[in-house]
Amino acid sequence: MDGDSVNLPSFHNQVRKTVTGLTAHSYGPHHENGEPNEHTPLVGNGSAVAANGHSETWEFFFNTHYTPGTDNSKPWVKYPAHTWHITKATLLSSPVNILLIAVPIGIIAGQAGWDPVAVFVINFFAIIPLAAVLSFATEEISAKLGEALGGLLNATFGNAVELIVSIIALRDRQIEVVKSSMIGSILSNLLLVMGMCFFFGGIANMRDGNGHGQEQSFQTITAQTTASLMTLSAASMILPGTLFMIINDSEKGDDAERNQIILSLSRGTAIILLLLYVLYLFFQLRTHHKLFSAESGEQDVSQLRPEAAAANVQSAVAQEHSGEEEAEVHMSPISAGVVLIVTTVLVSICADYLVESIDALVERAHISRSFIGLILIPIVGNAAEHVTAVVVAIKNKMDLAMGVAIGSSIQIALFVTPFLVVLGWIMDREMDLHFETFETVSFALAVLVVIYTVQDGKSNYLEGAMLMALYIIIALAFFVTPSVYFNTDWVAGKLSSLVGST
């Protein structure tokens, strides 16, 4: 990368500081755990007196940057203290981590064979904080890897929860749930999250200093690039469905041959989309990163220079009036890697029980699998990020908010979905890009509405209300319609008959 490129602090670190106000709890320069600082006692076994006036007990339980005992030379003191520091920093990384209590309960419920609906609900709430911890651990590793490698790592783990849930559902041949969850993740980011950011951000910043109505602004380059890529993604989903309707109306060939044609098209398209995603990363990380670097002079608190790295993870630099802030670092990359591995295993276990209980939930609650995949599962993986996006939008930092919604949508459309198609090919599962007709139409309309909304680089609460309204209408349609009416062959046959009659 050219010489003027800097190692930017991670995107979510900036979001986290904006939301939780970590700088209010940071006393002087930040140090990695174990480095000498103002908390370090002058004598190795003496009592530490924090410069901020807090007691050692407070430092032990609530300071995420330092834990007494980690700088002790005695191994039986140092290593337990270091383990506690990692645990403490992880637990205090997000307010939603209070739901971590549901993780052991959910595992016990699944192992003991509790009521399937209860198993689904408990593991549903268990995965929400695990997603937040997964994001936190990824950010801690990325902070030490630099911009390019950090962005690549974030691109890989940005939507890890949705990917894990979908892989388990794919293994269990829940193809309908997998497809619905992919469309649902994109719709929830494009319509619900972006709509809530526009709405609440517009309400909180409705008037300027003179009492006149005003709009919030964001960088148009990111929105325009994303709109183009999302349009391409919509086309890649519309073409297999259109081809299916054409060949399904033909009297030549049998069902197996028709399905093989769609599978071949989908697998070829998936490989092309994956290559395009790699090119998209290279474009934003290396060759044209300056296109995504612009100072937002209208920000009141700081000047931001967002650089969309990939997916829901992007890089940002916060420039205070006196200079740049340092990235928040709570643990070493090795410690963060351990947290990442443990969290991934827990997500896999909880997701396994979640997917296994879907059939019973559909039968007893009389809701469609499409609704579970389209609405419920996306909430699991993105709830924490959704909240932070809305909060930073209220604080008039729309580039950060747009980074969450837009980045995640791109990753799902260009990486996760085609990756699942290729993985299904390897696992001998008939995962293709032929989505249910109504899902495809909903996705195409959502992309169209979003393009018209973001093309001017400005937003207001009315545009936010429109996006949320469209999402609620789509969700309501899937909620009131049983699964039997979303049968692909039935819909395709009806549409083919209708086209033939005209």
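How many disulfides does the structure hold? I looked, and the count is zero, taking a disulfide as a pair of cysteine sulfur atoms within 2.5 Å. For my own reminder, a disulfide is a covalent bond between the sulfur atoms of two cysteines.

Before going on, I noted that this is a predicted model, where local features need pLDDT of at least 70, side-chain atom pairs count only at pLDDT 80 or more, and totals for chains, interfaces and linings use all residues. Residues are numbered from 1 along each chain as its sequence is written, and side-chain values use heavy atoms, with hydrogens and water left out.

**Whole chain.** I found 16 helices and seven strands; these are DSSP runs numbered from the N terminus, helices being H or I with at least four residues and strands E with at least two. Of the 502 residues in the chain, 53% are buried. I also looked up contacts, meaning heavy atoms within 4.5 Å. Among those with a separation of 6 or more, 77% join residues 24 or more positions apart. The accessible surface comes to about 21800 Å², and carbon and sulfur atoms own 65% of that (Shrake-Rupley method, 1.4 Å probe; for residues, only the protein chains shown count as cover).

**Aromatics.** My search of the whole structure gave nine aromatic pairs. Rings of Phe, Tyr and Trp (its six-membered ring) pair if their centres lie within 6.5 Å; planes under 30 degrees apart are stacked, over 60 edge-to-face, and the rest tilted. One of the pairs is Phe-198 with Phe-218, which is stacked, at 6.0 Å centre to centre and 15 degrees between the planes. This pair links distant parts of the chain, 20 residues apart: Phe-198 sits in helix α7 (residues 175–204), and Phe-218 in the loop between β1 (216–217) and α8 (220–248).

**Ala-118.** I placed this residue in helix α5 (residues 116–157). Ala-118 counts as partly exposed because its relative accessible area is 29%.

Notes. Buried < 20%, exposed > 50% of the residue type's maximum accessible area, 1.4 Å probe, protein only.
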